[in-house]
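Below are some notes on the model, as numbered points. Please read them with the structure open.

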Amino acid sequence: MDFLPVSVWYGPERSRAPMVTKIHNVKKVRDDIIQIKELGFNSIRFWYDWLAGEPKPNEWDFETIETLLSITDELGLKVLVQVYTDSAPSWVATEYPDSLFVDRSGLKIETQASPGVCSDHPVVQKHISQFLENLAKVVSKHTSFYAWDIWSEPHIVQWSWIDYMKDPWFCYCENTQKKFKEWLKNKYKDIEKLNEAWYRKHRNWDEVVPPRYTSLSTFSDLLDWISFNIEKISKDLEWKVKTIKSVDKQHIVSSHAAISSVYSLPGIGYGSSDDWKLAEKVDVWGTSFYPKHTGSWMPLKPHHMGVALDATRSSADSRGKEFLLGELQTGLGVTGLDFGVPVTDKDLERWAWLAISRKAKGLNYYAWFQMSVGFEVSGFGLTEPDGSINEKAEAAGTVSKIVTEHMDEFLESEPLPAQAAIIYSIDSYKMIAALRGRSADIIRQDMFGMYKAMMKENINVDFIHIDDLLKKDLKKYKIIFAPFLIALSDECGKVIKDYVENGGTLVADGRGPWVNEKGELALKIPGSGLNEVFGCVEISTSNIKEPINLKSDALDITATDYLCFFEPSSANVLLSYNDKAVALENSFGSGKAYIIGTVIGKAYEHTRYEGNIEFLSKIAKQAGVVSPFSVEVTGVSEDDIEARLSTFNNGYFCFVFNHGEKDVDVKLSFKNNDFGNIKKITDLKSKQVVHFSHNNQITSLSLTLDAQETKVLLIEK
């Protein structure tokens with residue numbers, strides 16, 4: 001990318017995405033856009049949907065987007081266009097009733113604009129392709145147009161809460177079932193091989209039906225259905241990208257997830273997917289970021305936000321793509337009668353810089369106006385209800401001004417290399433779904449705790465997709481964490497084994513690996529050859545209802561959810577419970593492997609017991625993980641302060657975040673061997689030069705941050 005957009009979503013006549021309205025007062029719209037530009041935004045985000053674009057079959061209406069782009073052409077403000085194909089014109093369901101989404105129960109979903117219709121229907125897909133092609137012809141000719149976002153938060157079914165259904169899964173329409181059979185034919189080639197895998201006696205492919213539930217005997221069928229849906233969403237994104245690029249070969253095409261896929265179960269329900277697969281299909285991949293949305297686990301804590309951002313960055317990095325925020329929360333989270341925690345101007349600054357500190361190359365604030373209608377009415381607006389400017393709008397504009405002034409440096413900047421990695425095992429997520437798990441909560445929270453241990457030590461973390469283990473250079477990571485790794489292929493097991501044998505440090509917990517990627521029980525647990533790496537085998541596992549404190553001379557942790565007991569072969573026992581080994585350390589080749597018989601990260605999330613974090617930090621330090629800078633605080637918990645560094649050719653950006661509710665004094669110390677001769681440090685918001693001192697080894701500076709304040713420092717060398 002040669003431009004770092006900082007935009008705000010704007011809908012004329014107070015329309016909310018994905019709705020498109022006719023413009024009745026062009027002057028008012030123009031004045032709004034001028035105001036957005038004068039605040040400092042270097043770009044703006046419009047949207048258009050299929051419903052508005054094709055009101056009648058093969059009749060096209062792009063008047064609203066033409067008017068908007070004509071205004072921005074005149075004003076010289078860059079534009080990103082969000083495309084929605086999941087709000088369908090009413091005539092589609094009338095003309096093609098077999099295009100309606102079908103739940104696993106067999107119920108058809110009548111569209112109410114959303115969720116639209118199933119694009120697996122060949123005629124529907126043709127109309128959507130024509131819509132995209134015609135939209136591209138209109139939009140791409142405008143000088144202000146910069147980039148596409150072709151799909152917002154990819155799912156199979158979107159923007160609807162179908163409350164009369166219990167646990168719906170999609171889509172079981174005839175067209176999707178045909179695609180599934182073709183997918184199975186490609187995988188198994190022969191019906192007898194499918195029968196063997198699924199435990200069936202199909203006479204031919206016509207008798208094959210997709211699974212709708214978990215059965216007692218095998219869930220090979222369900223694992224196939226999940227994998228098919230993950231790939232289907234990926235191929236749907238690829239189709240949309242190729243269609244746009246068939247007309248417009250010049251402009252960037254992006255897409256963004258609802259939140260990183262490490263947060264959710266893939267392939268069932270409404271159809272979440274796999275960020276790593278989706279990032280392959282676009283020029284730029286991103287995420288929505290709503291740290292104060294509604295929900296039981298909101299607002300997000302600092303390390304929760306870190307996981308969401310770093311996991312998305314990692315998925316984009318792994319495919320050689322840039323990363324952006326497709327949506328960044330601006331106002332109060334609202335879903336029906338539920339309300340989130342109020343959003344402040346300091347939140348908008350902090351969230352933006354958290355993303356940029358993790359390599360985001362674009363920010364898109366959602367949205368200029370509060371939601372005027374619908375299930376989120378009154379939520380998520382940057383301005384006041386009447387559209388007047390407030391401190392939040394000014395703060396977001398200031399972020400854009402700083403980014404624009406130093407754009408070359410921000411475009412070039414990279415976070416410090418990660419010394420630690422967390423494995424994202426899509427196979428474990430699939431297994432949870434097949435085992436009737438309702439959410440990815442256990443893995444997600446386990447990741448949170450492991451990430452928190454590294455964040456506390458100022459260590460950057462990458463997330464590694466399990467499929468990438470076979471092609472990624474693991475040697476650069478001094479430690480790898482494997483949260484609740486219950487499913488693992490033998491092939492991946494060998495890669496992990498080689499990593500440890502060649503000097504790496506591995507930390508695993510929970511009951512894993514328990515099965516292979518097909519859901520078949522391991523002959524020895526840990527499976528896939530890792531019993532040798534950990535120097536033990538599991539002898540039993542039990543659920544625990546209340547947290548249990550486990551303490552020895554070696555460590556002091558709290559356990560939740562499970563206790564797994566092991567018989568050591570070569571491992572050193574670190575912790576026992578009722579005279580049975582629970583946590584072990586094993587030397588294997590030149591490396592070390594640790595297995596902890598509980599979900600140590602999740603246990604921290606549940607109890608906030610610091611011993612769990614301290615243990616993980618201690619292992620990392622023993623593995624040689626060391627931060628090139630240190631942070632000292634007085635008067636508050638160190639959990640409230642986060643510091644991150646990014647490098648560019650002539651210097652560094654230092655981002656310092658006060659997540660807490662109190663003012664704080666912070667001392668930062670940089671090792672001269674790592675950072676060289678620092679000549680000047682400037683606070684980019686105040687434009688004040690920051691005093692620092694240095695000796696032969698350390699450069700130090702002191703800062704005072706107000707509650708919730710963020711400082712962005714330009715360090716020149």
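1. Two strands count as paired if DSSP finds at least two bridges between them. Helices (H or I, at least four residues) and strands (E, at least two) are DSSP runs, numbered from the N terminus. The model is a predicted one, in which local features need pLDDT of at least 70 and side-chain atom pairs count only at pLDDT 80 or more, while totals for chains, interfaces and linings use all residues. Residues are numbered from 1 along each chain as its sequence is written, and side-chain values use heavy atoms, with hydrogens and water left out.

2. Overall dimensions. The chain has 20 helices and 30 strands. Its radius of gyration is 26 Å, close to the 27 Å that the globule rule gives for 717 residues, so the chain is as compact as a globular protein of that length. The radius is taken over C-alpha atoms, and the rule is 2.2 Å times the number of residues to the power 0.38. Along the principal axes, the C-alpha atoms fill a box of roughly 80 × 75 × 45 Å.

3. Of the 717 residues, 62% are buried; buried means under 20% relative accessible area, exposed over 50%, and partly exposed in between (1.4 Å probe, protein chains only). Contact means heavy atoms within 4.5 Å. Among contacts between residues at least 6 apart in sequence, 75% join residues at least 24 apart.

4. Strand β14. All five residues of β14 (residues 420-424) are buried, so this strand is largely enclosed by the rest of the structure. Ala420, Ile422 and Tyr424 lie on one side, with Ala421 and Ile423 on the other, and both faces are covered. In a regular strand the side chains alternate between the two faces of the sheet. β14 pairs in the parallel sense with β15 (residues 461-465) over five bridges, Ile423 having Ile464 as its bridge partner. Three bridges join β14 to β16 (residues 479-482), also in parallel.

5. The contact is made by Pro302, His303, His304, Gly306, Val307 and Asp310 of α10 with Phe448, Tyr451, Lys452 and Met455 of α15. These residues divide into five nonpolar, three polar and two charged. Ala, Val, Leu, Ile, Met, Phe, Trp, Tyr, Cys and Pro count as nonpolar, Asp, Glu, Lys and Arg as charged, and the others, Gly among them, as polar.

6. α6 (residues 174-188) packs on α7 (residues 191-198) at about 95 degrees, with the axes 9 Å apart, which makes α6 roughly perpendicular to α7. Here Phe180, Leu184 and Tyr188 in α6 meet Lys193, Leu194, Ala197 and Trp198 in α7. The contact holds six nonpolar residues, no polar and one charged.

7. Helix α18. Six of the eight residues of α18 (residues 600-607) are buried, namely Ile600, Gly601, Lys602, Ala603, Tyr604 and Glu605. They pack against α10, α15, β17 (505-509), β19 (556-568), β22 (591-596) and α19 (610-622). Just after α18, Arg608 takes a positive phi of about 60 degrees.

8. Antiparallel pairing. β18 (residues 536-551) and β19 are joined by twelve bridges and form a hairpin with four residues between them. Elsewhere, four strands form an open antiparallel sheet in the order β23-β26-β29-β28. β23 (629-634) and β28 (693-694) stand at the edges with a single partner each, so one side of each lacks a neighbour in the sheet.

9. Is Gln697 buried or exposed? Gln697, in the loop between β28 and β29, is exposed, at 61% relative accessible area. Leaving aside neighbours within four places in sequence, Gln697 is in contact with Phe670, Lys671 and Asn672.

Notes
Axes are lines fitted to C-alpha atoms, for helices over the stretch in contact, and angles run from 0 to 180 degrees between N-to-C directions. Angles under 35 degrees count as roughly parallel, over 145 as roughly antiparallel, 65 to 115 as roughly perpendicular and the rest as oblique.
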